[in-house]
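Morning, everyone. I have one structure to go through today, and I will keep it short. Please have a look at it before I start.

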Amino acid sequence: ARRVRAMQIERLSTLLPGYGLDPEAFPPALVAAAMQGLAVGVVQDRVAGYDTRADVAAAAMSRLVARLERGRTRGISS
């Protein structure tokens, strides 16, 4: 798990500026932990059958990623 997180952080360090994200505001360690935490939480809640609105969180993350990707392809974050 440590090696995987180290690889994620290393890669995010080079990727985040391309998305217009300030590494001071969004350090790679935060982004990696947030992505993993959301993914794990959504799956756990779905498997357990809890209605914690995980679908809303997952949809919001999908929209955020799509927005960041659109900004990256244009060279800016919108």
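How many helices and how many strands does the secondary structure of the protein come to? Three helices and zero strands. Keep in mind that this is a predicted model. Reading from the N terminus, the order of elements is α-α-α.

Now the overall dimensions. The C-alpha trace spans about 40 × 30 × 20 Å along its principal axes. The protein has 78 residues, and 15% of them are buried. Its accessible surface comes to about 5,800 Å², with 61% of that belonging to carbon and sulfur atoms.

On contacts: if you take those with a separation of 6 or more, 32% are between residues 24 or more positions apart.

The largest pocket has a volume of about 470 Å³. Helix 1 (2–15), helix 2 (28–48) and helix 3 (54–74) are the elements that each give two or more residues to its lining. Which of them gives the most? That is helix 3, with six residues.

What is the lining made of, in terms of nonpolar, polar and charged residues? It divides into 14 nonpolar, two polar and three charged.

Terms used:
Residues are numbered from 1 along each chain as its sequence is written. This is a predicted model: local features need pLDDT of at least 70, side-chain atom pairs count only at pLDDT 80 or more; totals for chains, interfaces and linings use all residues. Side-chain values use heavy atoms; hydrogens and water are left out. On a 1 Å grid over the protein atoms alone, a cavity is a set of points where a 1.4 Å probe fits but cannot get out, and a pocket is an open set with protein on both sides within 12 Å along at least five of seven lines; lining residues have an atom within 4 Å of a point. Grid points are joined across faces, edges and corners, and a volume is the space filled by probe spheres set on the points. Helices (H or I, at least four residues) and strands (E, at least two) are DSSP runs, numbered from the N terminus. Ala, Val, Leu, Ile, Met, Phe, Trp, Tyr, Cys and Pro count as nonpolar, Asp, Glu, Lys and Arg as charged, and the others, Gly among them, as polar. Buried means under 20% relative accessible area, exposed over 50%, partly exposed in between (1.4 Å probe, protein chains only). Contact means heavy atoms within 4.5 Å. Accessible areas come from the Shrake-Rupley method with a 1.4 Å probe; for residues, only the protein chains shown count as cover.
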